[in-house]
Amino acid sequence: MSPVDLRSDTVTRPTPAMKTAMFAAPLGDDVLGDDPTVLALEARIAAETGQQAALFTPSGTMANQIAIALHTRPGDEVLMADTAHPYHYEAGGAAMISGVQTRLLPTTNGQMSAEAVALGVRKPDVHHAPASLLCVEDTSNKGGGTVHDDALLAALVAAAKANNLATHLDGARAYNAAVAAGELLANRVGRFDTVSICFSKGLGAPVGSALCGSHELIARGRRVRKMLGGGMRQAGLLAAAALHALDHHVERLADDHKRARTLAMGLMVEGYTVRTPQTNLVYVDVPKAAQAQDFLATHGVLAFATGPSQMRLVTHLDVDDAGIERTLVAFRAWRSVASQ
Ligand SMILES: Cc1ncc(COP(=O)(O)O)c(C=O)c1O
């Protein structure tokens, strides 16, 4: 029996129907601008995010890094949450690629306040790096898969604009947020100057993200993507998977959220302390998390320790109800081993 893989929502394999769509896709050369499937995906995701244009990228990291490059100049400062993905997990790319420094703002559950943004922008002064960009992440990954209130998103953008900052939304899981909030994606994310969306997380495509924004920004972003080596030729094969995901895998994100809640409740019954999940990420306090990770793996459950006594479990397309049950059984076993 294959393990229940809760390490990330990036681990999903393309479904048979998705593979069929990929092989049927009309292809061209996307660097030359004539892959019809990529063009269709870019038009579709631009419309769904309420932006003018979009750029298909190999990863969410590249989409975020292109956004940072577009909105800043070397020597600038970028404001973001102290939990933000570009700071923790993008290999120092903002410093290397754009030559900017990062200013981390305090958060509650991965969410900044508008006041923190206003306070975080330092006055023009010869000593200071000028702030030029605010990055927001929704849902917040390290924050626990939390969903920003629409009013908070509006307040963050307003605070940024009042201080002449451009705004970028890291929307790797923005569809999870929209589904959980019961709101239209475009209404939530259309207010940002740029938005990155991942197709290879909860949506279940094998590869690919998009950066969405104005015609002018995306035209410039296309050159940055080329510079970073992100120009892909018959990329329609991958864009077809993303289009299939948009057609078939958006509403079902609610199933992942439901399973995350079932998992969290089951873990609480087993005596674990768990943060009630808002979407598909479950953070649980686990004694000796590194050893627990190994123990669980030998019991058919894969998950990452995210701290000395914390693990993250992620529900997705390839985790069913039986997988949640098996996970609870394995955690029950770990509890009795760890308490000896
Ligand atoms: C919030 C967030 N942003 C960006 C990324 C980067 O995506 P990728 O792995 O496609 O580079 C991730 C990846 O997990 C993420 O969780």
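Predicted model: local features only at pLDDT ≥ 70, side-chain atom pairs only at ≥ 80, totals over all residues.
How many of the five residues of strand β13 are buried?

**View 1. Strand β13 is mostly covered.** Strand β13 spans residues 310-314. Four of its five residues are buried. The strand belongs to an open sheet, and the next views go through its pairings.

**View 2. An open sheet is built from four strands.** The order of the strands is β9-β10-β13-β12, and their pairing is antiparallel. The edge strands are β9 (273-274) and β12, each of which pairs on one side only. Strands of a sheet pair through backbone hydrogen bonds, in either a parallel or an antiparallel way.

**View 3. Strands β10 and β13 pair over five bridges.** Strand β10 covers residues 281-285, and its pairing with β13 is antiparallel. Within this pair, valine 284 stands opposite methionine 311 of β13.

View 4. Strands β12 and β13 form a hairpin. Two residues lie between the two strands of this hairpin. Strand β12 takes in residues 304-307, and three bridges join it to β13 in the antiparallel sense. Here alanine 305 stands opposite methionine 311 in β13. Strands β9 and β10 pair over two bridges. The sense of this pairing is antiparallel. The bridge partner of threonine 273 is aspartate 285 in β10.

**View 5. Two helices lie across the sheet strands.** Helix α12 (residues 253-269) lies across β9, β10 and β13. Its direction is at about 10° to β10. Helix α13 (residues 289-298) lies across β12 and β13, and this helix runs at about 175° to β12.

View 6. The residues around the ligand are Ser59, Gly60, Thr61, Asn64, His85, Glu137, Asn141, Asp170, Ala172, Cys198, Ser200 and Ser209. By class, two of the residues in this shell are nonpolar, eight are polar and two are charged. Helix α3 (residues 60-71) gives the most to the shell, with three residues.

**View 7. Confidence is given for the protein and its elements.** The mean pLDDT of the protein is 98, and 100% of its residues reach 70 or more. Among the elements, helix α14 (residues 321-338) has the lowest mean pLDDT, 96. Strand β8 (residues 209-213) has the highest, 99.

How values were computed
Residues numbered from 1 in each chain as written. Near = placed C-beta within 6 Å. Nonpolar A, V, L, I, M, F, W, Y, C, P; charged D, E, K, R; others polar. pLDDT = per-residue confidence, 0-100. Buried ≥ 20, exposed ≤ 12 C-beta atoms within 10 Å, placed from the backbone. Pairing = 2+ DSSP bridges. Contact = placed C-beta atoms within 7 Å. Axes fitted to C-alpha atoms, helices over the stretch in contact; angles between N-to-C directions.
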